[in-house]
Amino acid sequence: MSLPQTPYKYSLTQPLYDWHPWNMKWILFFGALIGSGICDRETFSGHQVFRINVRNGDEISKLNRLVNSDNLKLNLWKSPPALGHPTDVLVPSVSLQEVKSFLEDHDLEYSVAVEDLQTILDAEKQEMQHNVHQELSSNCFNYGAYHTLEAIHKEMDNIVKYYPRLVSTVTIGHSFENRSMYVLKFSTGEGRQRPALWLNAGIHAREWVSPATAIWTARKIACDYGKDAIITSTLKKMDIFVLPVANPDGYVYTHTHNRLWRKTRSVNPGSTCIGTDPNRNWNSSFGGVGSIADPCSEVYHGPYPHSEVEVKSVADFIKKHGNFKCFIDLHSFSQMVLYPYGYTATKAQDADELDMVARNTAKALAMLSGTQYRVGSIFSITYAASGSTVDWAYDNGIKYAFSFELRDTGDYGFALPASQIIPTAQETWLGLKTIIEHVRDNI
Ligand code: BHK
Ligand code: ZN
């Protein structure tokens, strides 16, 4: 055995006092780190998700008043209040009493969908740690588990290693915090710019089942090429690109600091609030209805179109390529297949065809285990949303633009248990194949 190395050497070129632990500068620095919460993780002990049902316009305005009150710190999990659909709202433990009194005083119908969010997140974390040990000993990526960004990127390399003649990786750019925008390219055609399909996932950081479904799908495409007729024939004439984590900084942040982070992690000059909603940042009716100019908002559109380098990387790649025919964006949750527009109630030119494809997609998806998806334009079945990914794709000539909201309908919401990853991915695959087949036959 070799002798242990001296842990550090005195440098002859760097002044020692810079690193001296008693130096005031460093005490202040580390103090600031702890004080500002950089070392902390946000916890949600006692926080509950309320499902609130509104029955008329009067109740909608009451609920809006509640949700918009700054001191209660409520977080909307699903859609702004609208008739016919319950609204899921995360209520911090300190606000529980006040919110309950408000709801009861105003005779609003509600139930508690999640009793204690932290319990679910603790289980999720424990499951992940357990899985890390298993993967280390088996040296095998567990597709039924959630992973860190690093693990997902590693598995992408692994897929390429197994199927080098079909798959390659492309780095299309880097995130605000300099992480790679790492893409898998499936292609059987040498060099030519074939018509192509883009599968986008993880644009919203907390929607973990989206990257998990995307990496599963990538592996499935690789496995099924040469076996499944639809995939084989499609890859004879088209290329497929898969971006499993379109918002890598946000995704990492959900693992290290706040499981419910949604936006990017870019700095907003003049504001203490961080991040832009990358699904409001695209150059398609940018800044319009359903996006907000306040950097502290969860749907902040950013200072200008494609200000988020993550959005710009994808947009530039797609424009430069010039032959994309289909763009699919995976979100969670609420079980819907959506198509443009989000920024207007006006029907898209191809709405009838898109609606038919979306209906067939939902039907195929339900075949596996009966999971029900709703279908419609973003505007008509969710809410107004400007600057969204699929609207940009559609307005830039990519006719087959769809957005999925994957499982569930709110029992777990963003904290969907890992045991549902594979069932989600499998049924989604039936839906995706319906779209892929239609695109194959119509380009
Ligand atoms: C989906 C696609 C296009 C525009 C909006 C939506 C709804 C989506 C959003 O951006 O507000 C809801 C969401 O994140 C949950 O996945
Ligand atoms: Zn989303």
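Modeller: Happy to. Helix α10, residues 351–369, and helix α13, residues 421–441, have axes that come within 8 Å and cross at roughly 145 degrees in this predicted model. The crossing of α10 past α13 is right-handed. On the α10 side, the contact is made by Glu 353, Met 356, Val 357, Asn 360, Thr 361, Ala 364, Leu 365, Met 367, Leu 368 and Ser 369. Facing them from α13 are Pro 423, Gln 426, Glu 427, Thr 428, Leu 430, Gly 431, Thr 434, Ile 435 and His 438.

In general, nonpolar side chains tend to be buried together in soluble globular proteins. The largest nonpolar core here has 89 residues, and Tyr 146, Leu 184, Phe 186, Trp 198, Val 314, Phe 402 and Phe 404 touch the most other members. Helix α6, residues 209–224, supplies the largest share of this core, with 8 residues. Leaving aside residues up to four places away in sequence, Tyr 146 touches Glu 124, Met 128, Trp 208, Val 209, Ala 212, Leu 416, Pro 417, Ala 418 and Ile 421. Another core, of 16 residues, lies apart from the largest one and includes Phe 50, Leu 63, Leu 66 and Leu 72.

The cysteines come next. The count is 1 disulfide, and it joins Cys 273 to Cys 296, with an S to S distance of 2.1 Å. The torsion about that S-S bond is about 90 degrees, so the disulfide is right-handed. Both Cys 273 and Cys 296 lie in the loop between α8 (248–256) and α9 (309–321), so the pair ties together parts that are 23 residues apart in sequence. Cys 296 has 43% relative accessibility and therefore counts as partly exposed. Cys 140 is in no disulfide, and its nearest cysteine sulfur, that of Cys 223, is 12 Å away. Cys 223 is likewise in no disulfide; at 25% relative accessibility, it counts as partly exposed.

The loop between α8 and α9 also holds Pro 269, which is exposed at 80% relative accessibility. The C-alpha atoms of Pro 269 and Tyr 162 are separated by 45 Å, and the two residues are 107 apart along the chain. His 306 is found in the loop between α8 and α9 too, but at 11% relative accessibility it counts as buried.

His 306 brings us to the backbone. Most residues other than glycine have a negative phi, and most peptide bonds are trans. His 306 has a positive phi of about 60 degrees although it is not a glycine. Gln 335, another non-glycine residue, has a positive phi of about 60 degrees. Gln 335 sits in the loop between β9 and β10 and is buried, with a relative accessible area of 10%. Phe 333 lies in the loop between β9 (324–332) and β10 (336–339), and a cis peptide bond with omega of about 5 degrees joins Ser 332 to Phe 333. A cis peptide bond also links Arg 407 and Asp 408, with omega of about -5 degrees; Asp 408 is in the loop between β12 (400–406) and α13, the helix that packs with α10.

How values were computed. Residues numbered from 1 in each chain as written. Chains lettered and ligands numbered in written order. Predicted model: local features only at pLDDT ≥ 70, side-chain atom pairs only at ≥ 80, totals over all residues. Heavy atoms only, no water. Axes fitted to C-alpha atoms, helices over the stretch in contact; angles between N-to-C directions. Helix = DSSP H or I, 4+ residues; strand = E, 2+ residues; numbered from the N terminus. Left-handed = near helix turned anticlockwise from the far one by under 90°. Contact = heavy atoms within 4.5 Å. Disulfide = S-S within 2.5 Å. Buried < 20%, exposed > 50% of the residue type's maximum accessible area, 1.4 Å probe, protein only. Core = buried A, V, L, I, M, F, W, Y, C linked by side-chain atoms within 4.5 Å.
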